[in-house]
Amino acid sequence: MQDMTDTLDRALGFAIPDRHARGRIVRLGPTLDTILAAHAYPPAIEALLAEALTLCALMGSTLKDGDAQLTMQTRSETGVVQLLVCDYRGGELRGYIQYDADRLAEAPAQPTLFALFGKGYLAITFDMATTGERYQGIVPLDGETLAAAAESYFVQSEQIPTLVRVGSARQSDGTLISGGLLLQHLPEGEEGRERLHTKLDHPEWEHVAALGVTMGVDELADPTLPLETLVWRLFNEESEIRVLAGQDLSRGCRCTPEHILSVLAKFSVADRQDMADEKGVIAVDCAFCATIFPVNATDLVPIR
């Protein structure tokens, strides 16, 4: 019997050399539940964050720099969702959503992306630790899913034909499992070329994309199916498939007491006093993991 722990919280990369294509496939289980459990989100918001975290894992796992970070953030002028933020760094994921509960209660049980965001935008940012460079693209949330907006980002910002499939399913024990597939065409070879210098002709891409769209949500979110099996199902007729080493995924919030103290130490004494309650305690609430850190304002080293 397949050990389901081997199929969850994992990313797998692969390449199809003859088609000048590469891909990533991920599946989130306990990591997703841990992140969601910190917030008591209603079903619609839970599903949205699950999709966003899966996208983060798909795109972030393509980074070769282990200290690089991918951040996804949405902004909305009129939507139910006021802010969505999630990021990926070194296999670690975190994310949260701010939303208007009253307006969500008036929306359908399964609201569309437009119902959640109205006129909204998705920003995708790559921070490269080694070089210090930052790349950001912003696209409107005018499709049916966040995955569709991510496809638009790669086409508009990177000129790379891309297919993204993301879906989640509730298991019999109540846990949520999410899976995703990312396919990209690199006409200059597996490594591609420098940004903004990719060819516009893509003779092999239609074949790869046509196979990719056949991957269903039921397969992506099925914990009994190894990720290698899904890749084989799609591309077993290709002459060569190169499967890369898998990568473990986990929840990684960086709200350590040391980090919080270092941030608070940057404020003036007067500002810290304004933050503190009547007992002189500053309550720092991490939006990502919903943990409250009490800090005694008098314990902080004064700024010199």
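## Helix α2

Helix α2 is mostly covered, with 16 of its 18 residues buried. This is a predicted model, and everything below should be read that way. The length of α2 makes a handy check: at 1.5 Å a residue, its 18 residues should span 26 Å, and the end C-alpha atoms lie 25 Å apart, which agrees.

Sorted by class, the lining of the second largest pocket has ten nonpolar residues, six polar ones and two charged ones.

## An enclosed cavity

Rolling a probe the size of a water molecule over the atoms shows where empty space is left. Across the whole structure, the search turns up one cavity of 30 Å³ or more. The largest cavity holds about 30 Å³ of space.

Its lining is made up of Thr34, Ile35, Ala38, Arg94, Arg251, Cys253, Phe288 and Cys289. By class, five of the residues lining the largest cavity are nonpolar, one is polar and two are charged.

## Salt bridges

The structure holds seven salt bridges. One of them joins Arg10 to Glu228, with the closest N and O atoms 2.8 Å apart. Arg10 sits in strand β1 and Glu228 in helix α8 (residues 227-235), so this pair ties together parts that are 218 residues apart in sequence. Are the two partners buried or partly exposed? Arg10 is buried, at a relative accessible area of 16%, whereas Glu228 counts as partly exposed at 33%.

Arg94, one of the residues lining the largest cavity, has its own partner: its side chain meets that of Asp87 in a salt bridge (2.9 Å, N to O). Both Arg94 and Asp87 are buried. Another bridge links Arg242 with Glu240, the closest N and O atoms being 2.8 Å apart. Here Arg242 is partly exposed at 36% relative accessibility, and Glu240 is partly exposed at 33%.

## Aromatic rings

A pair of aromatic rings is described by the distance of the centres and the angle of the planes. The count for this structure comes to four aromatic pairs. In one of them, the rings of Tyr153 and Phe154 have centres 5.1 Å apart and planes at 75°; an angle over 60 degrees counts as edge-to-face, so this pair is edge-to-face.

Tyr153 and Phe154 are both buried. Together with Phe126, they form one aromatic cluster.

Where in the chain do Asp9 and Ala40 lie? Asp9 is in the segment before β1 (10-16), and Ala40 is in the loop between α1 (30-37) and α2. Each is a residue other than glycine with a positive phi, near 50° for Asp9 and near 40° for Ala40.

Their surroundings can be compared as well. Asp9 counts as buried at 11% relative accessibility, while Ala40 is exposed, with a relative accessible area of 76%.

Note on methods
Residues are numbered from 1 along each chain as its sequence is written. This is a predicted model: local features need pLDDT of at least 70, side-chain atom pairs count only at pLDDT 80 or more; totals for chains, interfaces and linings use all residues. Side-chain values use heavy atoms; hydrogens and water are left out. Ala, Val, Leu, Ile, Met, Phe, Trp, Tyr, Cys and Pro count as nonpolar, Asp, Glu, Lys and Arg as charged, and the others, Gly among them, as polar. Helices (H or I, at least four residues) and strands (E, at least two) are DSSP runs, numbered from the N terminus. The expected span of a helix is 1.5 Å times one less than its number of residues. Buried means under 20% relative accessible area, exposed over 50%, partly exposed in between (1.4 Å probe, protein chains only). Rings of Phe, Tyr and Trp (its six-membered ring) pair if their centres lie within 6.5 Å; planes under 30 degrees apart count as stacked, over 60 as edge-to-face and the rest as tilted. On a 1 Å grid over the protein atoms alone, a cavity is a set of points where a 1.4 Å probe fits but cannot get out, and a pocket is an open set with protein on both sides within 12 Å along at least five of seven lines; lining residues have an atom within 4 Å of a point. Grid points are joined across faces, edges and corners, and a volume is the space filled by probe spheres set on the points. A salt bridge is a side-chain nitrogen of Lys or Arg within 4 Å of a carboxyl oxygen of Asp or Glu.
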